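This report concerns a single protein chain. The sequence and structure are shown first.

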Amino acid sequence: NQETAEKKRKEMLEAPVGMLVCKLAVPTTSIMMVSALYNMADTYFVSSLGKSATGAVGVSFSLMAIIQAIGFFFGHGAGNFISRALGAKKIKEAEQMASTGFFSAVVCGLLITILGLIFIEPFAIALGSTETILPYAKEYLRYIFIGAPFIVSSFMLNNILRYQGSAFFGMIGMISGAVLNICLDPLFIFVFDLGVAGASLATMLSQAASFVLLIAVGCRRGGNIRISIKNFNPSLRVYSETAKGGTPSLLRQATGSLATVFLNRSAGVYGDAVIAAMAIASRLFMIAGAAIIGFGQSFQPICGFNFGAKRYDRVKKAFKFCLVLSTSILLVVGVVAFFVAPSLVGIFNTGDPDVVTIGALAVKAQCLSIPLVPYVLLVSFLLQSIGSAVPASILAFARQGLFLIPLLLLLVPSLGIFGIQIATPIADGLTFLVAIPLALSAFRNKLSDQPSLSEVKAEGTEAVAH
């Protein structure tokens, strides 16, 4: 096991960067794509139940994203530290971080279950449910809340495996759950006639299956760190490191969910058709976004390992390789999606032509900004992986918190539905402008080939101690 771990560390520090990125990108991108597809599956199968049912899935998605955000907080918070620790050969510290993050994630998931089931109706209303959507939203949310511990823990485990360079094991757990979800959706919704509740029951069971596979297989093979109660160390230092690495992810996901709530509430004024249309448009871009997030996530362990080992040249090479390739891909996707937007939205046709018309224009508007997304994501991942918590958090908060929510408040009263449709691409453009100086500062101050003053002092202190 130790031999496998050392071999993996050597590969992360010495293998050609482009080849290494592509190797890690296959499982990470597969995970994100299949996760997006099984989220789309809920929308697809539920759409046959009508626009109110489709809207219920749309409003509930922001709650799902918040639950996932907790998993990302612990997974990215522990994972960023783990990859740097493994790069610096601090194995014991990595083990303590992994176990503490896992058990903390389970406890948070249980708290979400208890509070969610007690306050299910207020949650559904707060998420943007209209009177007609509310009964469906409550049905859908019930099983999501029950499955919260599995959802949080699965995302946590998948991320710490990925940060160890073992995304393949994470892929096995996550994709198995996703395939199960896609198979169970039509069975529960139509055969067992459970309707919207059937879709969320399928999601809950698939997340439980992912959890079992990740803990039973992923954390026991490939030289990966094992989760053990003996290594549970809920100290201030451990949680401080978790917060440094995890807060940007939490902000990114949580503000994204809050922005979705604002969007749903803004759309709700104009009827269920607008909520359904925007839900479909956002799910469509989840597929393209998921592919790029997955690709960018292959950069994170490379960045963490090499930053921990002070191989800054490899960090910069990996960043440039990922940026050029992912931007090129999304440029092509944006052009194609722009011209076939009505057909894409029509796949989820609820029988209401307004849904297709409104959704298609929202898709076209977002196609204009989609090539900017890879730069913002990669800069965010870079800042997070090298421990630059404050700028990473600023960038994570910027898109939804600084721009999208204020834009919705500003544009919708004056432009109506069109304001909802164009708010996201404008927010993407403004976030891109914020990312540029943050990236330049990171490359100049933390990734310079010359050691920083803090590094010189630390090395001098270590030499004196010896």
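This is a predicted model: local features need pLDDT of at least 70, side-chain atom pairs count only at pLDDT 80 or more; totals for chains, interfaces and linings use all residues.

Residues are numbered from 1 along each chain as its sequence is written, and side-chain values use heavy atoms, with hydrogens and water left out.

The average pLDDT (the predictor's confidence in each residue, from 0 to 100) of the protein chain is 84, and 92% of the residues score at least 70. Over residues 451-466 the pLDDT stays under 50. For residues 451-466 the model has five contacts (heavy atoms within 4.5 Å) beyond four places in sequence.

A nonpolar core is a set of buried Ala, Val, Leu, Ile, Met, Phe, Trp, Tyr and Cys residues joined through side-chain atoms within 4.5 Å. Buried denotes under 20% relative accessible area, exposed over 50%, and partly exposed in between (1.4 Å probe, protein chains only). The largest core has 130 residues, and those touching the most other members are Ile 67, Ile 82, Ile 160, Phe 299, Val 363, Val 379 and Leu 382. Helix H3 (residues 51-87) gives the most to this core, with 15 residues; helices are DSSP runs (H or I, at least four residues), numbered from the N terminus. A second, separate core of five residues includes Leu 184, Phe 188, Leu 201 and Ala 202.

Gln 297, in helix H11 (residues 272-297), is buried, with a relative accessible area of 5%. Leaving aside neighbours within four places in sequence, Gln 297 is in contact with Thr 28, Met 32, His 76, Arg 162 and Phe 381.

The model has six salt bridges, each a side-chain nitrogen of Lys or Arg within 4 Å of a carboxyl oxygen of Asp or Glu.

| Salt bridge | N to O distance |
|---|---|
| Glu 241 and Arg 84 | 3.8 Å |
| Lys 138 and Glu 121 | 3.0 Å |
| Asp 313 and Arg 311 | 3.4 Å |

Glu 241 and Arg 84 meet in a salt bridge; Glu 241 lies in helix H10 (residues 236-268) and Arg 84 in helix H3, so the pair ties together parts that are 157 residues apart in sequence. Both Glu 241 and Arg 84 are buried. By contrast, Lys 138 is partly exposed, at 24% relative accessible area, and Glu 121 is partly exposed at 34%.

How values were computed: Helices (H or I, at least four residues) and strands (E, at least two) are DSSP runs, numbered from the N terminus.
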